[in-house]
Amino acid sequence: MIRPSLMALSACLALASPVMAEKLTPERLFSDPDINGPTAKGVALSPDGKRVTYLKAKPEAANVQDLWAVDVKGGEPYRLIDANALSSGDKALSEAELARRERARVLARGVVEYSWDSEGRFVLVPLDGDLYVDSVADGKVTRLTQTPGDEVDAKVSPKGRFVSYVRDQNLYVRPLTGGEETAVTAEGKGALSFGVAEFIAQEEMDRDTGYWWSPDERLIAYTRVDESGVDIVPRADIGPAGATVIDQRYPRAGRPNAIVDLFVKDLASGKVVQIDLGADKDIYLARVAWAKDGKTLYVQRQSRDQKTLDLIAFSPASGQGKTILTETDPHWVELHDDFRPLADGSFLWSSEKSGNKHLYHYAADGKLLAQVTKGDWPVDKVEAVDEKRGLVFFGASIDTPIERRLYSVSYAKPAAPKAMTPAGGWWTAKVAATGAFVGSYSDPKTPPQTALYDTAGKRVRWIEENKLDAAHPYAPYAADHLVPEFGTLKAADGQVLHYSLLKPANFDAAKKYPVIVSVYGGPHAQRVTKSWGVNDEAFANAGYVVFKLDNRGSSNRSTAFKTALDRRMGTVEVEDQFAGAAFLKTLPYVDAERLGVMGWSYGGFMTLMMLSAEGTPFKAGVSGAPPTEWGLYDTHYTEQFMGKPDENKAGYAASDFLGRIDKLKPGSLMLIHGMADDNVIFENSTRVLAALQKKGIAFETMLYPGERHSVIRSRSKGLHVMKTHLDFFDRKLKGE
């Protein structure tokens, strides 16, 4: 998935202080302890409801995480797993595990994931390719595996008796409390893998697993992934010590995908049944889930053109199924994780057929029972279901797209949703089946705070208060902190566009300031939110106005808003950003001749398109890891919005940067790319480098040896990326 830069986060905090504040610098942003303070990540409620567990960075090393816990009834938080006690952090991970972490955008090391057993007795922790189990009762940590290969995608079975994992392209199971492992599959090698999520599923479809336990632990469904037909794209992994050529199976737009089959194995008898996904192999296995009683296996099957999504109920005994629901859309059908099978056989489902994403309740045979939510706003995601009370909990931005709250609504007797969290900022939540939840909140004045709340939304206890007091890492900078202003503009078709604007430090309305427009612009992302973020403050402290605008095509809006770029990426998004530039020019403190733009990934593509547009208002831009020709990018993402190359030749040609390279002003571009990028392949930039050199167009380049798409894997690299941006803009926009 094309994603925004990790460097360009939203700003900021404002807090009065009686002492003279320091100016937040890039050096401080990328040093320890983390400037944002202690934050809880990967929060989970233990199955017995007694504890909350979470990942927390070490104060002395923000990129190393430990596993922490706190008792619901009170007491101080305590550390369950010290990453340094089990790992030196210097183990070389396999290419498969490196790629998996890249797909999940895991930048930290140490404990990066974990899972509970069903009774809250044990915590399973993968660490550096091996597996450990922490016994909560006595705190004893036991190492389960110690093999040359990496155990990945480890899970605790539903009843807590087994641990399952994939190693060397095969699926294994072993008793949680010790014992020999059993191979569920044995044929995985070369282009054939079992129990894994293929590249497309991980990168684009938000499906990061390839196997699913039945609730009674008798059966396990798993994928068979055959990549033999996928093009091999030789990728030079260029690092500081030299280059290694990796033959990467990369399914480019219009080219063959991996063939994914689905099987169910009875672990006692060894019997294997193939699930009949249909004669057409050129489909996407989107989602798999078991019914509560384990008698039905539900599969979501998406067509290659992504305009049809089928929900199929299969018999695991025969492998035969019946389609109980079909979604179609002339643009595309978005995948989601809102399918919830209920104990009575009915299920919850989300759909955008009304013009916004809303929840629906269906009978077991696919008959509509009720529309659960409605209105001119979209549901973001289902968080949990309380079947005893007939409630569904979901996150949404009902009041305004730039705030998010947790809501509950009855699916048995639909009515207006009830807000469980207050307005004013951005909430995320981990909700238990009872309705109690761990909520995390931030706003431009409040760093992320995490607490446990009861079913009425009342705070029970702090998990990580992260109070901005004198001891907080941000305290020295609080007095002169900068708070963004929020507003709206109109797109050409009348739709509302939201923006944020951060004024420079020591702002003087009588002066004229240069502007940096921080852009993403693509699908599946939203940049303008009332949430905490301090990175932009470094640019503001350097004397820049920082501006962000969510153009048409970005997420958390109506289907009409999101599909405006259908088959024409790089058009309406640029129009909207130019509307933002026109607005900036009306501000008396903005120097209209000194507008810059920066973006990463899709934002890098947008930067190129904005710099090369006819009559561009932008003087300079930094393009990071840009897709420069959509035929070079992968199938699921590209074809969703552009169709196949041979079906949309005009659209592909119009969005190819090389077709408009002559309009680029000499010296206006800085191009950045990681030299081992396995997502937006380095070829996207080398073709631009060669074309610019051939035409004699001056430009600048910064390359990062050994780095993949998420370049900022270390504090030093993050600092270098930010200082590279600042140096370029200081020279181009301020003449320094």
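This is a predicted model: local features need pLDDT of at least 70, side-chain atom pairs count only at pLDDT 80 or more; totals for chains, interfaces and linings use all residues.
**Entry 1: a helix on the sheet**

I started with helix α8, residues 602-611, and found that it lies across β41 (590-600), β42 and β43. I looked up its direction too: α8 runs at about 145° to β41.

Next I checked helix α11, residues 683-695, which lies across β43 and β44. Its angle to β43 is about 145°.

**Entry 2: the sheet itself**

What order do the strands take in the open sheet? I read off β37-β38-β40-β39-β41-β42-β43-β44, eight strands with mixed pairing. I then looked at the edges, where β37 (485-490) and β44 (700-704) each have a single partner strand, so one side of each has no neighbour in the sheet. From one strand to the next, the twist averages 20°.

**Entry 4**

I zoomed in on β42 (residues 620-624) and β43 (residues 669-674), which run parallel and are joined by four bridges. I also found Gly624 standing opposite Ile672 in β43.

**Entry 3: over to Ser442**

Then I moved to Ser442, which sits in strand β34, residues 437-443. Is Ser442 buried or exposed? I got a relative accessible area of 8%, and buried means under 20%, so Ser442 counts as buried.

Which residues does Ser442 touch, leaving aside its neighbours within four places in sequence? I listed Gly425, Trp426, Pro447, Pro448, Lys530, Ser531 and Trp532. For Trp532 I noted one more detail: the side chain of Ser442 reaches the backbone nitrogen of Trp532 at 3.0 Å.

Methods: Residues are numbered from 1 along each chain as its sequence is written. Side-chain values use heavy atoms; hydrogens and water are left out. Helices (H or I, at least four residues) and strands (E, at least two) are DSSP runs, numbered from the N terminus. Buried means under 20% relative accessible area, exposed over 50%, partly exposed in between (1.4 Å probe, protein chains only). A polar contact is a pair of N or O atoms within 3.5 Å; within protein, one must be able to donate a hydrogen and the other to accept it, and residues adjacent in sequence count only if both atoms are side-chain atoms. Contact means heavy atoms within 4.5 Å. Two strands pair if DSSP finds at least two bridges between them. Axes are lines fitted to C-alpha atoms, for helices over the stretch in contact, and angles run from 0 to 180 degrees between N-to-C directions.
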